[in-house]
Structure formats: C-alpha cells, structure tokens
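Visitor: I'd like a close look at one part of this model, backbone and side chains included. Please pick a spot and walk me around it.

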Amino acid sequence: MKSNSVVRIAGITKESVCDGPGIRFVIFTQGCFHCCEGCHNPQTHDPNGGYEISIAELLAMVDENPLLDGVTLSGGEPFLQAGVLSEFAKECHDRGLSVMVYTGYLYEEIVAKADKIDWQKLLDLTEILVDGRFVREQATQEIPFIGSTNQRVLNLILLRCPTQTAFL
Ligand code: SF4
C-alpha cells in the first residue's frame, strides 16, 4: 500500500498493553476541542501542533511487529481526522488487526452526525470504542482502559448486532 495521505499526530507508542486488549500499536492524534478539565494530554489540543506522518510510514511501523493484536487511535480527538484514519484502519483490518478508538464524543453523538461520511466510515471500522469526555470528579485508575467512570468501553461488533448486549 502506497498511501500519500498524512495524519497529524502528537506521538506513537509502538507497543502497549495498557491501551486496549493485547499488544497494540497506539497513535496519539493531534487536535482536540473537548477541553476536559484535568486532561492528561493537553499538548494534543492544538490542531496545528504535533507533526504530520504518512499512513504508509505508520503501516511500515505496524508491519515491523508480528506480535501486535491491534491498533489504538487515541488523542487528541481521532474523529477530527476520521477520513485519513479510516484509511489506516482499513489497512490494519486487512492485516488481521483490530481497531480501538478513544473519543471525547459519545457514541450517540457520532451516530447522530451520520451526515459526516468519514465519521461513519471510521465508526464502521472500529471494533472497540471508548467514548465520552474525561470528567475529573469521576476519575478512576481501577477500571481498565478508561480515565473516568462516565466513559464507556463499547464493543461495536455486538452493538451492530441488535440482539446482543453492547457493553464488554
Ligand atoms: S477528549 Fe481527551 S484529549 Fe481531548 S480534552 Fe478530553 S481528555 Fe483531553
């Protein structure tokens, strides 16, 4: 795959066991307008900060590690760059990797903006969605993968199947 598309990011963790199930390649995207009080990643807020990197470069890094179970798109707010991240997510699926996304939006807010075609595209390529803004008063370090108890870990595979429960 030779994509010239670029995404603006704050950083990468090539191997993490804290940002979703299994071993994951994590991208911290750049740009966020949610302004959560107590945000742990304020350096990711400026949409002009960070640096640009091509999807091809990211995939080359992913391909270096045969132990990966999936990729995690964190922030920042990944849905601000949903189009290019959908390209990346599709390529990851083609490699047998799962896609997990952290967003400050609620799942319902994303679905309601179905007119934003790229948002729907990224949602369709996501297996696990952690949704909701960080709320300092509800901060927790006890529950895996979330920062505050208002946030939800949604299994979108089950959510797409209406007869099953949506929550992991
Ligand atoms: S959504 Fe995440 S990155 Fe954005 S302000 Fe809230 S905690 Fe920070």
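Guide: Let's take the sheet, then the loops and rings that go with its strands. A word on ground rules: this is a predicted model, where local features need pLDDT of at least 70 and side-chain atom pairs count only at pLDDT 80 or more, while totals for chains, interfaces and linings use all residues. Residues are numbered from 1 along each chain as its sequence is written, and side-chain values use heavy atoms, with hydrogens and water left out.

The sheet is open, with seven strands in the order E3-E1-E2-E4-E5-E6-E7 and mixed pairing. (Helices, H or I of at least four residues, and strands, E of at least two, are DSSP runs numbered from the N terminus; two strands pair if DSSP finds at least two bridges between them.) E3 and E7 are the edges, each pairing on one side only. On average, neighbouring strands are turned by 30 degrees against each other, direction ignored. (Axes are lines fitted to C-alpha atoms, for helices over the stretch in contact, and angles run from 0 to 180 degrees between N-to-C directions.)

Zoom in on E2 and E4: they pair in the parallel sense over five bridges, and Arg24 stands opposite Gly70 in E4. Helix H2 packs on the sheet, touching E1, E2, E4 and E5, and its direction makes about 165 degrees with that of E4. (Contact means heavy atoms within 4.5 Å.)

Now for the loop between E4 (70–74) and H2 (82–94), where Gly76 lies. The peptide bond from Gly75 to Gly76 is cis, with omega near -10 degrees. That's worth a second glance, because most peptide bonds are trans.

Cys35, in the loop between E2 and E3, has a positive phi of about 55 degrees although it is not a glycine. Phe145, in the loop between E6 and E7, has a phi near 75 degrees. Cys35 counts as exposed at 57% relative accessibility, whereas Phe145 is partly exposed at 27%. (Buried means under 20% relative accessible area, exposed over 50%, partly exposed in between, with a 1.4 Å probe and protein chains only.)

Past E5 come the rings. Tyr105, in the loop between E5 and H3, and Trp119, in H4, are 14 residues apart. Both are buried, and they form a tilted aromatic pair, 4.9 Å centre to centre with 50 degrees between the planes.

Terms used
Phe/Tyr/Trp six-rings, centres within 6.5 Å; stacked < 30°, edge-to-face > 60°.
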